[in-house]
Amino acid sequence: MTTRVIIVDDQAMVRAGFAALLAAQSDIDVVGEAPDGAQGVELSRRTHPDVVLMDVRMPEMDGLEAARLLLAPPRGVTHRPRVLMLTTFDVDDYVYEALRAGASGFLLKDAPPADLISAVRVVASGDALLAPSVTRRLIADFARQRPAARGKPALRLKALTERETEVLTLVARGRSNTEIAELLVLAEQTVKTHVSRVLTKLDLRDRAQAVVFAYESGLVAPGE
């Protein structure tokens, strides 16, 4: 099955480079490019991509606002692509807010070509790109700047079983399904089932939102 991708970035050379790299893959089809968030949203509505590579800082409309529009579309718009944010080390709250909005993760613009290709495939499969240690560190830094939310987020944790809470805690600490299976002495498929149930019970889209929720509910404290 071919993954349809659009690239939204205000730098023409970045768009061209990413497009050439991805289009060379037999399972990826680049169906469009846009120079800013507003045009990216319009392009996505028209082409219905599976994955949107979205730069964070752009003129007219930045990537954060565009991601929000794509992931929480107005009534009558049913298409919701996966959004992978493209960023650099100097971006701070934008990344955290993008994850809160439902983005499936982020990738540094200077990542190796193989990482970009892998990232598109990971996100297209429905998973979140949270493996790099820099991701865990950034999320922890952003969460540290905000007090843990009380009330509704914390109350929602009561819907989880003890095992599901354990799994969510490990997901929030950046553990993969394989690592969680080893730590809890479970089959990897069992872990996948627990993760799926956690997402369903908490009404979360993917692991990225699960990590944010775990921090904001106070289940996991930054620096643990």
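Two strands pair if DSSP finds at least two bridges between them. Helices (H or I, at least four residues) and strands (E, at least two) are DSSP runs, numbered from the N terminus. In E2, Ala34 is the bridge partner of Val8.

This is a predicted model, in which local features need pLDDT of at least 70, side-chain atom pairs count only at pLDDT 80 or more, and totals for chains, interfaces and linings use all residues. Residues are numbered from 1 along each chain as its sequence is written, and side-chain values use heavy atoms, with hydrogens and water left out.

**The sheet**

The chain holds 11 helices and 5 strands. An open sheet of 5 strands runs in the order E2-E1-E3-E4-E5, with parallel pairing. E2 and strand E5 (106-108) stand at the edges, each with a single partner strand, so one side of each lacks a neighbour in the sheet. From one strand to the next, the twist averages 25°. Two of the pairings are tabulated here.

| Strand pair | Sense | Bridges |
|---|---|---|
| E1 and E2 | parallel | 6 bridges |
| E4 (residues 82-87) and E5 | parallel | 3 bridges |

In E5, Phe106 stands opposite Met85. E1, helix H1 (residues 12-23) and E2 form a right-handed β-α-β unit. Right-handed here means that, with the strands pointing away from the viewer, the path from the first strand over the helix to the second runs clockwise.

**Helices on the sheet**

Axes are lines fitted to C-alpha atoms, for helices over the stretch in contact (heavy atoms within 4.5 Å). Angles run from 0 to 180 degrees between N-to-C directions. H2 packs on the sheet and touches E1, E2 and E3; its direction makes about 160° with that of E1. Helix H5 (residues 113-124) lies across E1, E2, E3, E4 and E5, at about 125° to E3.

**Helix H2 in detail**

Buried means under 20% relative accessible area (1.4 Å probe, protein chains only). In H2 (residues 37-47), the buried residues are Gly37, Gly40, Val41, Leu43, Ser44 and Thr47. Down the axis of H2, they fall within an arc of 165°, so they line one face of the helix. The arc is taken from the directions from the helix axis to the C-beta atoms. These residues pack against strand E1 (3-8), strand E2 (28-34), strand E3 (51-55) and helix H3 (63-71).

At the start of H2, a side-chain oxygen of Asp36 comes to within 3.0 Å of the backbone nitrogen of Ala38. Just after H2, His48 has a positive phi of about 50°.

**The chain overall**

Of the 224 residues, 48% count as buried.

Definitions and conventions
Buried means under 20% relative accessible area, exposed over 50%, partly exposed in between (1.4 Å probe, protein chains only). A polar contact is a pair of N or O atoms within 3.5 Å; within protein, one must be able to donate a hydrogen and the other to accept it, and residues adjacent in sequence count only if both atoms are side-chain atoms.
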